[in-house]
Amino acid sequence: MAVNRWIQSGNYRRNYKEDQTIFATFSEQASLVVLIILLFLVPYAPFMSRSLFRLFDLVLIYTVAVMGLNIVTGFAGQISIGHAAFMGVGAYAAATITRDLAVPLLGFADAVPFWYVLLLLPVSGLIAATAGAFVGLPSFRLKHLYLAIATLAFQIIFTWSVGHTPWLKQGGSIRVPRVEFFGEIIRGSSAIGPFFYYFGLVVVIVMALAFRNLLRSKFGRALVAVRDNDRAADAMGINPGATKVMAFAIGGFYAGVAGALLAFYNGSVIVESFSLAISIDFLAMAIIGGLGTLVGSLIGPVFLQFLDPWVEQLADLVQWVMPSTIDVGTAMRPSVFGIIIVLFLIFEPRGLANWWRLLRQYFKRWPFKF
Amino acid sequence: MKLYIRLFFSLVVFALLGLGLAQQEIVFGWSGAVTGPTSDAGRFVLQAIDDYCRYANEEQLIPGYTVNCITRDDQYNNDNTLRNFEAYLDEGMVAFIGYSTGGTLQLKVNALEEEIPVIGSSLHIGVIDPPDNDFMFLPISSYSEQVLALLEWIADNYQGEGAPKVAIISHPSAFGRAPVEDARNAAELLGVEIVEVQETGEGLDYTAMLQRWSAAGVQYVIGQNVQSPIAAMLNAAQALGLKDSMTFMGAHYTGGETLTNLAGDAAEGFLWATSYYLESEGTPGMVLQREIGERYGRSEETITDTNYTTGLLQAAIYVEVARRAAAAGEVSSQSIYEALMSMNGVNAFDSGFGVGPVSFGEGDRVGVDAMRLIQVQDGEWQPITEPYNSRTFPQVHPLN
Amino acid sequence: MYSGVPPQLVVTDLTLSFGGLNALSNVSLEIEPGSITSIIGPNGAGKTSLLNCISGFYRANSGSIKFEGHELVGASPHQISKLGVARAFQNIELFSGLSVLDNLMLARHSHLKYSFWEALLFYGRSQKQEIKNREYVEQIIDFMELEPVRKAVVGELAYGVRKRVEMARALTLGPRLLLLDEPMAGMTLGEKEDIVRFILDIKAERGTTVVLIEHDLGVVMDISDQVYVLDFGQRIAGGPPELVAQNPAVIEAYVGEEAVL
Ligand SMILES: Nc1ncnc2c1ncn2[C@@H]1O[C@H](COP(=O)(O)OP(=O)(O)OP(=O)(O)O)[C@@H](O)[C@H]1O
Ligand SMILES: [Mg+2]
């Protein structure tokens with residue numbers, strides 16, 4: 001390319017292979033690389049504290065889960081109100097496999113080696129994917145809201161069954177061993193924070209790449225086709241029922257990986273981490289981030305997780321001026337979150353991802369306005 | 001150049017000053033529900049922690065040190081509890097006070113790794129059961145022990161034929177399920193029959209439940225729950241005329257002023273197991289409770305609430321161990337832990353808030369071991385036993 | 001029927017009813033490979049219903065549909081599509097949020113031979129397959145003269161262009177039997193001529209069998225090898241256009257349109 005690659009404003013791709021690439025211009029590729037480098041440098045920032053690490057780490061873990069929800073809801077168009085339960089399946093799979101199989105059979109003591117964790121993440125993902133496919137099965141017959149109810153039912157059954165299974169400590173905390181990384185046991189928040197930041201970041205990048213690849217393949221196109229017009233999809237040789245089941249399985253896989261990650265991060269699994277409220281938080285993250293876009297799954301969790309402590313402080317402030325008999329604080333978080341979701345649904349149904357798109361376009365065309 | 005040197009030196013001086021000040025400050029962290037589920041109870045605990053720390057500073061209970069109690073809302077959300085815990089670590093916390101059952105259970109591994117002692121408001125026996133229990137403590141006897149004491153009371157006072165029949169109404173959570181297994185084992189030892197364990201939060205049809213139990217011949221109902229479902233059940237029982245054929249009782253979080261306020265007459269005869277004194281008793285500890293509450297302008301509702309006592313006891317334990325640690329040397333999480341573990345025998349701490357001394361040590365992670373049964377008589381809570389321990393609990397649930 | 005080549009599609013005694021109404025009653029017909037067959041009839045005659053039965057969207061109450069020996073009654077649309085039967089809808093059923101290119105790539109779904117795992121890597125076979133099929137799609141784009149709108153979002157295109165994309169997408173499936181439901185409805189004369197040219201080219205260059213539903217009898221008589229006439233769900237005539245045009249039953253069904261015939 002003879003022209004200056006940095007200010008390239010359109011795409012001049014000369015063959016179909018180039019046309020498959022993800023990022024259109026060189027400057028886009030360059031800014032992505034810079035962004036990733038910056039993300040890897042975050043732990044060295046002077047402002048990083050334990051609680052900030054926790055916030056970042058949870059954002060990364062939730063991002064993996066929300067990517068999965070986005071495949072189900074954003075791409076295949078099936079609302080899932082039970083996504084946290086799939087995450088729970090992954091977490092409990094990781095916890096029980098480790099406790100009942102790995103520790104007695106492989107003789108791990110205080111910690112499990114890193115390779116084992118790397119192996120267990122996809123295994124937990126596959127178990128959650130099976131659960132996802134199973135819950136998605138009614139999509140051969142049911143549509144839209146009916147299917148949403150099936151996912152809600154799964155959420156409720158999950159919470160109830162865990163609560164009544166002594167093997168799962170009836171929802172109380174199950175201990176998960178710490179991770180041993182090249183001879184060093186990662187324990188204590190000052191080590192766990194940065195370790196899971198990097199681990200989570202790498203998992204997010206790998207999962208996002210897989211996500212992106214999937215979407216430009218025939219499988220990704222089939223998801224969108226089923227969402228847009230399942231009659232026409234059927235005529236294209238796409239089995240709509242099977243495609244929805246696949247979406248639920250993929251969504252389950254992402255949730256399961258996130259759940260296993262959370263289990264190792266917290267060092268314990270407790271049923272409250274996978275409640276209906278978390279499922280709804282995930283939906284909020286997906287909607288506010290932007291359904292049907294990868295960028296949306298990345299922005300949504302950041303936005304909501306960082307909004308949370310801020311709303312808390314706001315509640316404190318409001319409570320200060322209100323008489324103490326009125327419990328503003330209790331109502332504040334759900335109502336602020338609710339209002340934000342509604343505002344987004346009305347004014348920006350494409351979510352924050354659309355703002356991101358507009359911003360990108362603006363810089364691409366700069367210095368020209370149009 | 002000179003300017004830079006001066007700047008540098010003043011910075012060093014400030015840093016040293018800051019360090020000096022920091023050494024004089026002892027940071028305790030509390031995280032609990034000020035908003036969200038159970039916040040009606042959590043708010044009283046929070047107020048008590050704040051008040052007692054202020055009181056400790058004003059009275060200079062720890063000579064040469066000030067106590068800084070950081071209290072933050074976690075909305076009964078475990079993630080927030082963990083986040084607060086880690087934030088407090090950044091702020092130099094030496095000991096932590098927890099609240100919810102889930103959050104405290106999940107904190108066990110963190111407490112162990114950070115070597116920070118944790119006292120919770122949750123009396124779940126799993127908090128102090130191994131593994132990872134090294135830094136975990138309960139302020140008073142566990143739900144399990146309370147429920148077992150109630151079962152023993154049933155076995156001792158039952159005069160009918162055959163085995164007494166008991167139903168348990170438990171909260172649908174780890175909190176509610178905590179004592180169920182121990183209760184089943186103890187019931188077997190005591191010759192008491194547990195007919196059914198019903199899990200319920202809000203909104204169950206209590207009439208149907210009670211009629212079913214009545215038909216099954218249930219004579220005693222033990223609650224491991226919070227006050228509102230218990231009050232609803234008591235009202236239903238009164239409406240059905242079952243108050244004569246069934247005796248209702250419950251563990252720590254079922255009782256107190258909240259229950260009598262919610263249930264009114266229907267609470268008459270309710271039997272409650274707890275380790276705290278009642279404000280109305282006017283014991284020395286309760287006089288102090290009123291004094292502290294009034295000093296900081298708390299409402300009558302706050303001052304008479306058991307959850308306020310809970311917070312006072314938790315803060316008082318930490319202030320006392322910090323005082324001992326300070327007297328022996330420096331205050332750190334390590335010295336606090338050591339002071340806690342040696343708080344027994346002659347060193348046991350009589351806080352005045354609980355019905356017995358606070359003691360911790362090897363094999364003893366429960367502060368106030370003793371408890372009493374308290375009954376609603378003519379609308380007032382009246383103790384009907386002296387402080388004692390459950391006799392079956394050590395058999396059913398041996399502690400390490 | 002006339003040349004002795006075995007028919008590609010055989011419909012026998014097909015009956016389809018909605019409640020009490022028979023949309024199709026005992027319809028039988030045969031279609032030769034490589035021919036253009038038109039199905040005509042007044043509004044509500046059952047033409048679209050017949051197509052829906054063939055393509056699997058409706059399940060006939062009785063009768064059979066054999067395509068190259070495969071029974072189509074009871075098969076689902078995606079199975080039938082994979083057998084080589086493609087269909088363009090009367091009311092445009094495109095993926096309106098996607099580009100023309102993506103709409104057409106979707107039609108290559110069954111032709112893209114790579115596994116889920118290969119898709120995740122998007123390297124090697126999956127990439128080669130995508131490129132190969134993209135080339136196929138580009139041929140269709142050339143053929144249907146859609147180059148200028150290749151990357152346009154379908155929902156934003158004019159009606160006539162969308163109809164053409166609808167037809168292009170069916171063609172992209174690479175079918176041996178192409179079902180076109182009123183591809184020229186609502187088009188200008190110029191646009192219609194284009195479509196007629198495309199249909200003739202499809203037959204000539206690709207040897208694809210075409211089944212056409214069309215109201216413009218002039219076009220039908222011009223390009224069809226065979227014409228079937230439906231009225232109230234019954235087949236009232238069938239055969240070469242010139243014979244059908246003289247059939248009194250047909251003339252009666254089309255009273256107002258004698259002039260055209
Ligand atoms: N899904 C359905 N449910 C009920 N009735 C239907 C359904 N589909 C078609 N019909 C009825 O079947 C009859 C035939 O309809 P069809 O759409 O096949 O007619 P057509 O010949 O294609 O007409 P047009 O030329 O207007 O497209 C009509 O009376 C129609 O109302
Ligand atoms: Mg029609």
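**Figure 1. The disulfide between B:C53 and B:C69 in the predicted model.** In this predicted model, the sulfur atoms of B:C53 and B:C69 are 1.8 Å apart and form a disulfide. A search of the whole structure finds one disulfide over all chains. The pair links distant parts of the chain, with B:C53 in helix α2 (residues 39-58) of chain B and B:C69 in strand β2 (residues 66-73) of chain B, 16 residues apart. The torsion about the S-S bond of B:C53 and B:C69 is about -55 degrees, so the disulfide is left-handed. B:C53 is buried, at 3% relative accessibility. B:C69 is also buried, with a relative accessible area of 15%, because the cut-off for buried is under 20%.

**Figure 2. Helix α14 of chain B and its surroundings.** Helix α14 of chain B covers residues 333-341, and seven of its nine residues are buried, so the helix is largely enclosed by the rest of the structure. The buried residues of α14(B) are B:S333, B:S335, B:I336, B:Y337, B:A339, B:L340 and B:M341. These buried residues pack against four elements of chain B: the strands β1 (25-32), β3 (93-97) and β5 (136-140), and the helix α13 (306-328).

**Figure 3. The magnesium ion (ligand 2) and its protein donors in chain C.** The protein donors of the magnesium ion are the OG1 atom of C:T48 and the OE1 atom of C:Q90, lying 1.8 to 2.2 Å from the ion. C:T48 lies in helix α1 (residues 47-54) of chain C, while C:Q90 lies in the loop between β6 (85-88) and α3 (100-107) of chain C, so the pair ties together parts that are 42 residues apart in sequence. C:T48 is partly exposed, with a relative accessible area of 25%. C:Q90 is partly exposed as well, at 28% relative accessibility.

**Figure 4. An open sheet of chain C, with helix α1 across it.** Four strands of chain C form the open sheet, in the order β2-β1-β4-β5, and the pairing is antiparallel. β2 (21-31) and β5 (70-71) of chain C stand at the edges with a single partner strand each, so one side of each is left without a neighbour in the sheet. Strand β1 (residues 9-18) of chain C is joined to strand β4 (residues 62-67) of chain C by five bridges. C:T12 stands opposite C:S64 in β4(C). Helix α1(C) lies across β1, β2 and β4 of chain C and runs at about 115 degrees to β1(C). The mean pLDDT of chain C is 91, and 96% of its residues reach 70 or more.

Definitions and conventions:
Residues are numbered from 1 along each chain as its sequence is written. Chains are lettered from A and ligands numbered from 1 in the order in which they are written. This is a predicted model: local features need pLDDT of at least 70, side-chain atom pairs count only at pLDDT 80 or more; totals for chains, interfaces and linings use all residues. Side-chain values use heavy atoms; hydrogens and water are left out. Buried means under 20% relative accessible area, exposed over 50%, partly exposed in between (1.4 Å probe, protein chains only). Helices (H or I, at least four residues) and strands (E, at least two) are DSSP runs, numbered from the N terminus. Contact means heavy atoms within 4.5 Å. Donors are N, O and S atoms within 2.8 Å of the metal (3.2 Å for Na, K and Ca); water is not among the atoms, so sites may look incomplete. pLDDT is the predictor's confidence in each residue, from 0 to 100. Two strands pair if DSSP finds at least two bridges between them. Axes are lines fitted to C-alpha atoms, for helices over the stretch in contact, and angles run from 0 to 180 degrees between N-to-C directions. A disulfide is a pair of cysteine sulfur atoms within 2.5 Å.
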